[in-house]
Amino acid sequence: MGGDCKPLDTRRGLNTRIIPPPSCQSLRIETKFMKLTGLLFIVLCATSTLVPAQHTEAGGTSATIRALERQWVMAQSHNDNRALDLIFDNALVYVEYGKLVSKGEYLSRVKRVSSQSDTIGMEPMTVRTFGNTAIVVGTYREKEVKGGQSTIRHWRYIDTWVYKKSGWVLVAAGAAPLSN
Amino acid sequence: MKIVVSIIFLLCMGTPAGYAQAMLDSGAESKIIALERAKLHSSEAKDLGTLDTLLDNAFVYVDAEGKLLNKPQVMAYFLTVSMLQFATETMAVRLHGDTAIVTGQYRMKGVERGKPFVQRNRFVDTWLHKDGQWVAIASLSTPVAD
C-alpha cells in the first residue's frame, strides 16, 4: 500500500473516461488520509460496541422508583395492563407463589383477576441505587377474596429496576411469604 | 486502499453490533453461572473470603421465610449451619447491560441447631458489573410451589 506510484489504469470498456494520473505526492496524501480514516473507523466501531451508554442522574432516582412502585400497584388494582406494559421490561422475570412468571403471563393473569378480589397494602420500602440499577426491598399485605372468604398474606419482596432508553423499567421481582 | 477502507467500513457496519454484543453476552452469561456456582460452593465450604468478594457490601438477601439479611448476617448464617449442601436444578441468566438477573431452582440441605432440614427453593439473584467485576447485590429465595 502506497509503494509504487504508477498511473491509474482507467480502461473500463468503450465509454472509458480518461482520468489524468495523479501525482505521486497527492497519491501519498490520499493514502495517508485513507489510513487515518480506516483507523478512525476501527476505533469508532470498537468503542461504540464496548462502551455502554452512561446515564447520570442527580438525585431523585429513589423518588422516581418509589413512584413507579406505587404506579405498579395502582395499575394492577385497576387491571391497567397498558400502564403495566410500560412499567415492565419485556424480559421481566417474576417469582410469585414459588412460580416463575413472564411478563406475558403476569399481564394475562392481571386481565383475568377481578380488580375487586385482590387488594394490596404497601408497607415501607427501601431503595438502593447502583448507577443504572436500583434494588427495592419492602413488604406488602395482600388481601384475597375467594368464595366469600378473605385471606391476608404478608410478603417481603425484592424488585430490580434498570434504567433503559425508555426510562426505569422493572426487570425482576420476587416475593417470599413472611412468617409472622 | 479505497477497497481496504470500504472493507473495514463494511465489516464495522456489517459486523452487526448485535453479533459482537451476543458474543460479549454469552461470555458474561457463562461467567455469571460460574460465579453462582462459586457462591454456592463457598457457602458450603464456609469460605467467607470468597463470599466476601462475590457479595457487594450492600448485598441484601430475603430468605425463603421472608427474613431480610444483609451481607454480614448472610455470612454469619453460613457459619451456623453444618453439612450444608446445595444442588442447583435450573439456572437462567438475563442480561440488561451492566445488570444480570439469574433465576433458578435449588435444593438445600443441612443441619441447623442440631436439626436437619431440606428446602427446595426458587431464587432470583441480581448481579452488577462493578469496577470490572460482577458482584451480587440482591438475592431472594422462595419455596417452590408444589
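Biologist: In what pattern do the elements of chain A run, starting at the N terminus?

Modeller: Bear in mind that this is a predicted model: local features need pLDDT of at least 70, side-chain atom pairs count only at pLDDT 80 or more, and totals for chains, interfaces and linings use all residues. Residue numbers start from 1 along each chain as its sequence is written, while chains are lettered from A and ligands numbered from 1 in the order in which they are written. Chain A has four helices and six strands, taken as DSSP runs numbered from the N terminus (helices are H or I, at least four residues; strands are E, at least two). From the N terminus on, they go α-α-α-β-β-α-β-β-β-β.

Biologist: Which stretches of chain A have a pLDDT below 50?

Modeller: pLDDT is the predictor's confidence in each residue, from 0 to 100, and chain A averages 76, with 65% of the residues at 70 or above. One stretch below 50 has 15 contacts in the model beyond near neighbours in sequence, and another has ten; a contact is two residues whose C-beta atoms, placed from the backbone, lie within 7 Å. The stretches are residues 1-22 and residues 42-58.

Biologist: In what order do the strands of the open sheet in chain A sit?

Modeller: Six strands make up this open sheet, and the pairing is mixed; two strands pair if DSSP finds at least two bridges between them. Strand 2 (99-102) and strand 3 (118-130) are the edges, each pairing on one side only. The twist averages 20° from one strand to the next. Reading across, the order is 2-1-6-5-4-3.

Biologist: At about what angle does helix 4 of chain A run to strand 2?

Modeller: Angles run from 0 to 180 degrees between N-to-C directions, with axes fitted to C-alpha atoms, for helices over the stretch in contact. Helix 2 (residues 61-77) lies across strands 3, 4, 5 and 6 of chain A, at about 160° to strand 3. Helix 4 (residues 103-112) instead lies across strand 1 (88-96) and strand 2, and its angle to strand 2 is about 90°.

Biologist: What share of chain B is buried?

Modeller: Chain B comes to four helices and six strands, in the pattern α-α-α-β-β-α-β-β-β-β. A residue is buried if 20 or more other C-beta atoms lie within 10 Å of its own, exposed if 12 or fewer, and partly exposed in between, with C-beta atoms placed from the backbone. Of the 146 residues in chain B, the buried share is 27%.

Biologist: How many residues of strand 1 in chain B are buried?

Modeller: Strand 1 of chain B pairs in the parallel sense with strand 6 (residues 133-143) over four bridges, where B:Val60 stands opposite B:Ala138. Strand 1 also pairs with strand 2 (residues 68-70), antiparallel over three bridges, with B:Tyr61 opposite B:Leu69. Strand 1 (residues 55-62) is mostly covered, and of its eight residues the number buried is six.

Biologist: Which residue takes a positive phi in the hairpin of strands 1 and 2 of chain B?

Modeller: This hairpin has five residues between the strands. The phi in question is near 80°, and the residue is B:Gly66.
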